[in-house]
Amino acid sequence: MKKEKTMKLTLPEEELVGSGHLACQGCGAVLAMRDVLKALGPKTVYCIPACCWSVIDGPFPHSTLGVSIFHCAFETAASTASGLKAGLEMVGEGETTVVAWAGDGGTFDIGIQALSGAAERNEDIIYVCYDNEAYMNTGIQRSSATPYGAWTTTTPVKHFKNRPKKDIDAIMAAHRIPYQATGNIAFPEDLYKKAKKAKDIKGTRFIHIYAPCPAGWKSRPEDTVKLARLAVQTTLFPLYEVEYGEKYTLNIPVKEPKPIKDYIRLQGRFRHLKDPDIEQIQEEVNRRWERIRKLCS
Ligand SMILES: Cc1ncc(C[n+]2csc(CCOP(=O)(O)OP(=O)(O)O)c2C)c(N)n1
Ligand code: SF4
Ligand SMILES: [Mg+2]
């Protein structure tokens, strides 16, 4: 009989995400929070705008998180976090890490003005975007992070999304902030390391985490980690860091990329796509991967 391979994770065992949260089964956003909080530790304050995570946490006075949360308006994650940090400094709590934790809608779309302002001022905050590629909390509407070809309730099958995903990482690199990185829940040690590194840097830090959503992607909850891994193995979502908008480092090299079809066929949101549509997506993935590889070389 073939012996099963087992792998021991090197993450700390202490959990700051408790049981009893309100997320759907297989929610990638919860795994993202677990990995990041393990790195940041209890001396952290979160600022969460309207998104799935403002519900997942639980109704007041209960909370699944072992740290304080300030729930803010949808468009204000970065500006509220900047204010929180300034206030904490004034009362002698400047060592507390302040995190703005927002979805893709709150980051790529409605919160981008506040985020751009904070990044340009180099506010001393960590901004994390967990990207599930649509407005999930309000019923799966398309955002500018939704990929080409996807079904959502506002891009129905006959009019599937025909624009590419916005390149938020390039936008953030243009701000020349001290640190930014992409992260993925299927690579917890890489994500943990990045959050830890971000914690020790001053100024604006941005982490963009790929977080599958079975409810919105029409995927099986048990495929969440597999899908996230495939996003890296197909080079759809490369894992890299950028310092000051210039120094790019590739963290997970991919020697023989898997075909994007393997990733697409596991998700109901792409069920309507025909082979030529998938070939078009493959070409775009190859083109973008080539660009990132050049930047990282
Ligand atoms: C100004 C404003 N507009 C719209 C809403 C309604 N709303 C709440 S959460 C949400 C979707 C958030 O999407 P995203 O940021 O991607 O997070 P997700 O729900 O996917 O986790 C919307 C549209 C709101 N709360 N405030
Ligand atoms: S809708 Fe998606 S992101 Fe929101 S809790 Fe459910 S699985 Fe998580
Ligand atoms: Mg979203």
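Tutor: Start with a definition: a cavity is a set of grid points where a 1.4 Å probe fits but cannot get out. Keep in mind that this is a predicted model.

Student: What volume does the largest cavity have, and what lines it?
Tutor: Its volume is about 30 Å³. The structure holds one cavity of 30 Å³ or more. Asp167, Asp169, Ala170, Gln180, Tyr240, Val242, Tyr248, Arg291 and Ile292 line the largest cavity. H6, strand E7 (240-243) and H11 each give two or more residues to that lining. By class, the lining has five nonpolar, one polar and three charged residues.

Student: What makes a pocket something other than a cavity?
Tutor: A pocket is an open set of points, whereas a probe in a cavity cannot get out. The largest pocket holds about 590 Å³ of space. Its lining has 31 residues, and Pro147, Lys165, Leu236, Glu284 and Arg288 lie nearest its centre.

Student: Which element gives the most to the lining of the largest pocket?
Tutor: H11 does, with seven residues. By class, the lining of the largest pocket has 17 nonpolar, five polar and nine charged residues.

Student: What about the second largest pocket?
Tutor: Its volume is about 460 Å³. Its lining has 18 residues, with Leu9, Ile185, Ala186, Phe187 and Pro188 closest to its centre. H1 gives the most to this lining, with four residues. The classes are eleven nonpolar, no polar and seven charged residues.

Student: Why is Thr235 called buried?
Tutor: Buried means under 20% relative accessible area. Thr235 has 3%, so Thr235 is buried. Thr235 lies in the loop between H9 and E7. Its phi is positive, about 70 degrees, although Thr235 is not a glycine.

Student: Why is Ile140 called buried?
Tutor: Use the cut-off of under 20% again. The relative accessible area of Ile140 is 12%, so Ile140 is buried. Ile140 is found in the loop between E4 and H6. Its phi is near 65 degrees, a positive value in a residue other than glycine.

Student: What makes a group of residues a nonpolar core?
Tutor: The residues must be buried, of the listed nonpolar kinds, and joined through side-chain atoms within 4.5 Å. The largest such core here has 62 residues. Among those with the most contacts inside it are Met33, Trp53 and Trp101. Helix H1 (residues 28-40) gives the largest share of this core, eight residues. A second, separate core has 24 residues, including Cys47 and Leu115.

Student: Which residues are in contact with Trp53, leaving aside its neighbours within four places in sequence?
Tutor: Contact needs heavy atoms within 4.5 Å. Ala29, Val30, Met33, Ile48, Thr64, Leu65, Trp101 and Tyr130 are in contact with Trp53.

Student: Which peptide bond is cis?
Tutor: The bond from Phe60 to Pro61 is cis, with omega near 10 degrees. Pro61 is in the loop between helix H2 (53-56) and strand E2 (68-71).

Note on methods
Residues are numbered from 1 along each chain as its sequence is written. Chains are lettered from A and ligands numbered from 1 in the order in which they are written. This is a predicted model: local features need pLDDT of at least 70, side-chain atom pairs count only at pLDDT 80 or more; totals for chains, interfaces and linings use all residues. Side-chain values use heavy atoms; hydrogens and water are left out. Buried means under 20% relative accessible area, exposed over 50%, partly exposed in between (1.4 Å probe, protein chains only). On a 1 Å grid over the protein atoms alone, a cavity is a set of points where a 1.4 Å probe fits but cannot get out, and a pocket is an open set with protein on both sides within 12 Å along at least five of seven lines; lining residues have an atom within 4 Å of a point. Grid points are joined across faces, edges and corners, and a volume is the space filled by probe spheres set on the points. Ala, Val, Leu, Ile, Met, Phe, Trp, Tyr, Cys and Pro count as nonpolar, Asp, Glu, Lys and Arg as charged, and the others, Gly among them, as polar.
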